[in-house]
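I set out to record what could be looked up in this protein, working from the overall fold to single residues.

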Amino acid sequence: MKRAFLLLFLLLFFALPASAAEDIGIDTDVLEQELPAEASELMPELSPQEEPDLWIGAKSVILRAIAKTDGSLQSGLRLCAVLIGLVTLCSVADMSSVSKFGGAVSAAGALGICAAFVGEFHAMVTMAQETIQSLSGYSACLLPVLASAAAMSGNLNAAAALHAGTLLFSQLLMQLICKLLIPGVFFYLAVATAEAALSSDALKELRELIGWLISKSLRIMVYVFLAFLSVTGVIGGAADAVAVKTTKAAMSGMVPVVGGMISDASETLIAGAAVIKNSIGVFGMIAVLSICILPFLKVGIQYLLLKVTAAISGTVGLKPHISLLKNFSTAMGYLLAMCGTCGLLLLVSCVCFIKVAV
């Protein structure tokens, strides 16, 4: 009789729908409720209770985001036209003026170029800050859910360590960006403008120092985070060598400043994607992508257009103004690196949780 009851109990146990997260005590509704409105518009019809396809979902998010970048492209083209016009006008004025007014033309041109650029840059900074805050808020609900799923798979210690470390580093990185690095970029722009206006070598050294501090701060945070993941043993796994090499090359060139270091963790993305069966983790990755992809594309468009503008201006502009435009594109690259780093680190964290839970 006891064996019969035991057999009946086991049959009922294995008949339970184990794929649903709620059935094992994990509240996944919060993952949909806490998603920002703009990100919800990019999200396809997915649910954490199902097993969505990562690549189909990511493709849908990216295509929807690209469709929303028209306004950013138009505003960027207008800004580039204004900057090229100002550079050309200053060059003509410098050629037609006597030598004693050459410095005044250069200074006035630098101030005019900065005035034309700073409005668009401020809009990009505001969008980046809102994106970082959205990622911070969403990670606060996503990471505990992923940690719970990993813990219920039997990896309690690994899940706890990964959750604590990921939350710590992500919050530190986001606070570092919002409190120090973004104000540092504005200071970088101010020094670059003064350098172009005064043609000062001392200001050039100061600008290079500020840029070095910004880039090194991002690099150090990424190095420490990847070192933590290596210590916890979640980076690694047998992945296809060609796929890893291709992904690392793509990531290395996609994000300025820290792209090379982020690409070193791409093996985690490839190897993890091969074993993704955790519906919560897949939903979380697509949700993180939907939060950061549109701002990343908009800032990236501005970055590329400024690069093109600096190249075109090199044929007609004064040397200080050409250098100023190059410095402006560098500043936009720093902003792009900040957005990309926050998003990619959360994506890597999601894959790490998935690998722990598998």
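The entries below follow that order.

**Basis.** I worked from a predicted model, in which local features need pLDDT of at least 70, side-chain atom pairs count only at pLDDT 80 or more, and totals for chains, interfaces and linings use all residues. Residues are numbered from 1 along each chain as its sequence is written, and side-chain values use heavy atoms, with hydrogens and water left out.

**Overall fold.** I found 13 helices and zero strands; helices (H or I, at least four residues) and strands (E, at least two) are DSSP runs, numbered from the N terminus. Of the 358 residues, 50% count as buried, where buried means under 20% relative accessible area, exposed over 50%, and partly exposed in between (1.4 Å probe, protein chains only).

**Helix H4.** I noted that H4 (residues 54-67) has 14 residues and reaches 20 Å from its first C-alpha to its last, close to the 20 Å expected at 1.5 Å a residue; the expected span is 1.5 Å times one less than the number of residues. Its buried residues are Leu 54, Gly 57, Ala 58, Ser 60, Val 61 and Ala 65. They lie on the same side of H4, because they cover an arc of only 160° around the axis, taken from the directions from the helix axis to the C-beta atoms. The face turned away from this buried side carries the exposed residues Trp 55, Ile 56, Lys 59 and Ala 67.

**Thr 341.** I located Thr 341 in helix H13 (residues 319-357). Is Thr 341 buried or exposed? Thr 341 is buried, with a relative accessible area of 0%. A polar atom of the Thr 341 side chain lies 2.6 Å from the backbone oxygen of Ala 337.

Key
A polar contact is a pair of N or O atoms within 3.5 Å; within protein, one must be able to donate a hydrogen and the other to accept it, and residues adjacent in sequence count only if both atoms are side-chain atoms.
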